[in-house]
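Here is a short briefing for a reader meeting this structure for the first time. Keep the 3D view open and follow the topics in turn.

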Amino acid sequence: LKSFVFTPLGGPWGHGRSCRRCCRIFCRWAFGAWSAEVSLERTNSRPSSRRIWFLLWMLKARALWIPRWCYWSSGCPVRGSLAGASASRSVIGAVRLCAGALPSVNWPENSVIFEPPWDSGGGSLVPVPAFFMVLPNTMETFFTLREAQQVLLNKLAVKDIDSFNMRFMLRFLDLHAEVEALRRTKARAVALASAPPGKFAQAPGPSSGALDLASADARAAWAKERPHNAKSWELTPHFCQVVQARRAEHNGSGWLQVTAQITAEERWTLRGGVAGMLDIRMREHLLVYEIPRESSAVQDFRIAAVHTDAKPSST
């Protein structure tokens with residue numbers, strides 16, 4: 001019985017003097033209880049089923065009680081190692097926070113799109129029919145999105161494909177708002193440069209956008225889509241669908257690139273036009289979103305490319 005209880009605990013619970021001492025105490029108590037049970041059974045001639053119930057109780061105690069007893073003992077090496085690891089992580093995090101050494105993502109100015117879906121040739125001499133690419137594209141997209149979900153764990157609520165699509169539309173809205181803000185900033189800077197000194201007390205804002213939101217090429221591509229002579233320009237995404245997801249390498253780092261097809265409504269008013277008259281158009285765009293694969297500081301996707309009035313190629 002002693003070897004029966006003690007030997008299987010040679011894994012995570014069989015190290016250290018405290019764990020062995022707990023097992024010895026329990027084995028001695030169990031052996032004494034077993035001897036008393038056997039003698040009582042011989043004296044009173046009770047059925048042998050009681051011995052079977054006692055063995056079942058011993059198995060339950062061995063599986064549940066002994067590991068917890070050993071773990072919560074003061075000298076258990078497993079508990080000590082876990083406590084030391086958590087304490088060291090807390091100390092390192094506090095030092096980084098105090099020193100201002102929090103990790104950051106080195107976003108490049110522009111990105112290289114791997115296998116752009118708007119390219120009908122796909123970089124090959126012989127185009128492959130879309131029928132043969134459905135299954136490989138589905139599998140690669142699934143595993144790439146799952147990896148992106150792990151990268152953004154505890155940072156974004158991306159639990160399913162609908163949450164991905166919603167996040168992509170929100171980032172598109174953020175890009176549109178930033179493009180409009182930069183345009184107003186540039187107009188304010190021009191007015192400040194041509195105005196007499198002291199007329200404007202507030203300096204213009206930043207002239208370039210944030211690289212963690214969009215690359216320079218993506219921002220410039222969407223800024224060119226602003227209607228000519230428009231006084232205001234508003235955007236409302238209506239539909240989003242993930243087309244593909246790929247693993248890419250550029251600027252010396254690994255990236256996860258997700259291409260989404262977004263149907264958006266644009267509304268604008270013209271300068272000097274009829275008051276309250278809106279021009280509306282509905283278009284489909286292909287946007288490529290990316291995040292670094294091996295960075296714990298990434299907080300959200302960034303728009304790597306914008307291909308307007310485009311649909312995925314059929315080949």
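Phe164 and Phe168 sit in helix α6, four residues apart, which is about one turn of that helix. The model is a predicted one.

**Aromatic rings**

- A pair of aromatic rings is described by how far apart the centres lie and by the angle of the planes.
- The count of aromatic pairs in this model is eight.
- One of them joins Phe164 and Phe168: the ring centres are 6.2 Å apart and the planes meet at 45°. An angle over 60 degrees would be edge-to-face and one under 30 would be stacked, so this pair is tilted.
- Phe164 has a relative accessible area of 4%, so it is buried, the cut-off being under 20%.
- Phe168 is buried too, with a relative accessible area of 0%.
- Phe168 also pairs with Phe301, at 5.1 Å centre to centre and with 75° between the planes. That pair is edge-to-face.
- Phe168 belongs to helix α6, whereas Phe301 belongs to the loop between β3 (279–292) and β4 (302–307). The pair therefore ties together parts that are 133 residues apart in sequence.
- Phe301 is buried, at 0% relative accessibility.
- Ring pairs link Phe164, Phe168, Tyr289 and Phe301 into a cluster.

**The largest nonpolar core**

- This core holds 38 residues. Phe168, Phe172, Tyr289 and Phe301 touch the most other members.
- Two or more residues come from each of α5 (130–151), α6, α7, β1 (230–250), β2 (253–270), β3 and β4.
- Strand β2 gives the most to the core, with seven residues.
- Which residues does Phe168 contact, leaving aside its neighbours within four places in sequence? They are Cys240, Val242, Val258, Ala260, Ile262, Tyr289 and Phe301.

**The second largest pocket**

- The space in the second largest pocket comes to about 240 Å³.
- Its lining has 14 residues. Leu182, Lys186, Arg219, Ala220 and Ala223 are the closest to the pocket centre.
- Helices α6 (161–194) and α7 (216–223) are the elements that give two or more residues to this lining.
- By type, the lining divides into six nonpolar, five charged and three polar residues.

- Most residues other than glycine have a negative phi.
- Asn154 is not a glycine, yet has a positive phi of about 65°.
- Asn154 is found in the loop between α5 and α6.
- Is Asn154 buried or exposed? Its relative accessible area is 76%, so Asn154 is exposed, the cut-off being over 50%.
- Asn251 has a positive phi as well, near 55°, and is a residue other than glycine.
- The loop between β1 and β2 holds Asn251.
- Asn251 counts as exposed, at 54% relative accessibility.

Key
Residues numbered from 1 in each chain as written. Predicted model: local features only at pLDDT ≥ 70, side-chain atom pairs only at ≥ 80, totals over all residues. Heavy atoms only, no water. 1 Å grid on protein atoms, 1.4 Å probe; cavity = no way out; pocket = protein on both sides within 12 Å on 5 of 7 lines; lining within 4 Å. Points joined across faces, edges and corners; volume = space filled by probe spheres on them. Nonpolar A, V, L, I, M, F, W, Y, C, P; charged D, E, K, R; others polar. Phe/Tyr/Trp six-rings, centres within 6.5 Å; stacked < 30°, edge-to-face > 60°. Buried < 20%, exposed > 50% of the residue type's maximum accessible area, 1.4 Å probe, protein only. Core = buried A, V, L, I, M, F, W, Y, C linked by side-chain atoms within 4.5 Å. Contact = heavy atoms within 4.5 Å.
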